Amino acid sequence: MQPSRPRRRSGYHGGSGKSESRTPKADAPAAASVREAEGLLQDDASCDLLITDIVLPGGTGAAFYQQLVQVRPELRAIFMSGYVGDQVVTDAIAQPGTLFLPKPFTVDALLRRVREALADRKSTRLNSSHL
């Protein structure tokens, strides 16, 4: 199976053979709710970046991030939302270690934010300015 076009554009090529061993894999679990995400992340000690909507079934992405960062202080988050002026959004993006991606967004905008978040993991505060 071939990786999706956005994954190929970001440097993931999949496939088999020698090139696969030199290409980092981009496995990312997905969850439909906070409860499902909690179950996924309990078993995954290698999570570097949380990409989440701010408003979720069963809670908020911001509250979930705060829960995770207590045990994984190096974890970074990209919050996304279509409600840019909402107070919940304002509070979420004010958190250290977070970036914001307003909806709708392009694949390229998402990839830029992912690169920015992962490049700045050692920082205690990421710039949450707009794209």
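Strand S1 and strand S4 (residues 76-81) pair in the parallel sense over five bridges, where two strands count as paired if DSSP finds at least two bridges between them, and where helices (H or I, at least four residues) and strands (E, at least two) are DSSP runs numbered from the N terminus. Within this pairing, Thr 52 has Phe 79 of S4 as its bridge partner.

The model is predicted, so local features need pLDDT of at least 70 and side-chain atom pairs count only at pLDDT 80 or more, while totals for chains, interfaces and linings use all residues. Residues are numbered from 1 along each chain as its sequence is written, and side-chain values use heavy atoms, with hydrogens and water left out.

**The sheet and its helix**

Three strands make up an open sheet with parallel pairing, in the order S1-S4-S5. Because S1 (49-53) and S5 (98-102) stand at the edges with a single partner strand each, one side of each is left without a neighbour in the sheet. From one strand to the next the twist averages 20°, with axes being lines fitted to C-alpha atoms, for helices over the stretch in contact, and angles running from 0 to 180 degrees between N-to-C directions. Helix H6 (residues 107-119) packs on the sheet and touches S1, S4 and S5, its direction making about 175° with that of S5; contact here means heavy atoms within 4.5 Å.

**The nonpolar cores**

A nonpolar core is a set of buried Ala, Val, Leu, Ile, Met, Phe, Trp, Tyr and Cys residues joined through side-chain atoms within 4.5 Å, and buried means under 20% relative accessible area, exposed over 50%, partly exposed in between (1.4 Å probe, protein chains only). The largest core has 18 residues, and among those touching the most other members are Leu 50, Ile 54 and Phe 100. Helices H3 (34-42), H4 (61-71) and H5 (87-93), together with S4, each give two or more residues to this core, and H4 gives the most, with five residues.

A second, separate core of eight residues includes Leu 49, Leu 99, Val 114 and Ala 117. Ala 117 lies in helix H6 and counts as buried, at 0% relative accessibility. Although Ala 117 and Gly 97 are 20 residues apart in sequence, their C-alpha atoms are 8.1 Å apart in space.

**The chain as a whole**

| Property of the protein chain | Value |
|---|---|
| Helices and strands | six helices and five strands |
| Buried residues | 32% of the 131 residues |
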